[in-house]
Amino acid sequence: MNLTHFQSMVLFAFIVSLGFAFLSRRRLKSRIKYLVWAFVAFLLVAITIGWIMYPASH
Amino acid sequence: MPDNNPENIPEQIPEPIPETAPLAGAQPAPLEASAVGEQIAPGAAPTYEQESLSSSARSVFIAVAGWIVPGLGHLFQWRIGRALAGFAAVGTMAVMGLWMRGNVFPMHSDDAFGVLGFIADAGSGIFYLLAHTIEKAGPDVSRAAGDYGTRLIATAGVLNMLFVLDALEISRGHKN
């Protein structure tokens, strides 16, 4: 299996968000809200850090 | 304004069960039975130490079960949602990491990072033990995907440790 860096990050973010949502929330609606929030936060933070580091690669 | 957020609604505390009156003619329980492992007379209530030992053994059993098979610690306590989520999350991440040919750290390592990698990987329990069965070709970190797979395997183990701690907290009554 050969995933790209971005695909690996999306997989990582989704599964970790799923785990956190089920561990920290009890009701289904709260879990879904937390999952979406954590997933988006993971992606945004990762992409932001990527762009911050971008000048260092040139 | 009333707070309708379900997370903020306090859970209802069950009322204590009233003690039943002893039956007429029943023998009273012996008062001196405090040593752990001491024989209890038939009909006598277990002591605090014996109940505590039994509870600790149950907690250890749940922790070990949850470590070996992710989600099993929750399943034994009828937390079906968390059990399924734990198994799916840890299993998917570990198997994907292995299929990406990530590195699985062996038990004996010379450097500290190798030891930390082993601790993280071993957290996934059965998936660590069956790593070479799931991916027979073994690790290949010469490609970038192999490096990503290494991280996924380690994350699966750490995530399972969180699920084990959660199951342990539930079994001890610290968490509902």
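## Briefing: helix packing and chain contact

Helix H1(B) passes helix H7(B) in a right-handed crossing. This is a predicted model. H7(B) also gives nine residues to the side of chain B that touches chain A.

**H1 against H7 in chain B**

- Two packed helices are described by the angle between their axes and the distance between the axes.
- Here H1 covers residues 48-68 of chain B, and H7 covers residues 144-171 of chain B.
- They pack at an angle of about 155°. Their axes are 9 Å apart.
- Angles over 145 degrees count as roughly antiparallel, so H1(B) and H7(B) are roughly antiparallel to each other.
- On the H1(B) side, the meeting residues are B:Arg58, B:Ser59, B:Ile62, B:Ala63, B:Gly66 and B:Trp67.
- On the H7(B) side, they are B:Asn160, B:Phe163, B:Val164, B:Ala167, B:Leu168 and B:Ser171.
- By class, this contact has seven nonpolar, four polar and one charged residues.

**Where chain B touches chain A**

- Chain B puts 20 residues into the contact, and chain A puts in 15 residues.
- Helix H3 (80-99) and H7 of chain B are the elements that give two or more residues to chain B's side.
- H7(B) gives the most to that side, with nine residues.
- The chain B side divides into 14 nonpolar, three polar and three charged residues.

- B:Trp78 is not a glycine, yet has a positive phi of about 60°.
- B:Trp78 has 7 other C-beta atoms within 10 Å. A residue counts as exposed at 12 or fewer, so B:Trp78 is exposed.
- B:Arg101 is not a glycine either, and has a positive phi of about 65°.
- B:Arg101 has 23 other C-beta atoms within 10 Å. The cut-off for buried is 20 or more, so B:Arg101 is buried.

**Chain A**

- Chain A has two helices and zero strands.
- The C-alpha trace of chain A spans about 45 × 30 × 15 Å along its principal axes.
- Of the 58 residues of chain A, 16% count as buried.

Conventions
Residues are numbered from 1 along each chain as its sequence is written. Chains are lettered from A and ligands numbered from 1 in the order in which they are written. This is a predicted model: local features need pLDDT of at least 70, side-chain atom pairs count only at pLDDT 80 or more; totals for chains, interfaces and linings use all residues. Axes are lines fitted to C-alpha atoms, for helices over the stretch in contact, and angles run from 0 to 180 degrees between N-to-C directions. Helices (H or I, at least four residues) and strands (E, at least two) are DSSP runs, numbered from the N terminus. Angles under 35 degrees count as roughly parallel, over 145 as roughly antiparallel, 65 to 115 as roughly perpendicular and the rest as oblique. A crossing is left-handed if the near helix is turned anticlockwise from the far one by less than a right angle, and right-handed if clockwise. Two residues are in contact if their C-beta atoms, placed from the backbone, lie within 7 Å. Ala, Val, Leu, Ile, Met, Phe, Trp, Tyr, Cys and Pro count as nonpolar, Asp, Glu, Lys and Arg as charged, and the others, Gly among them, as polar.
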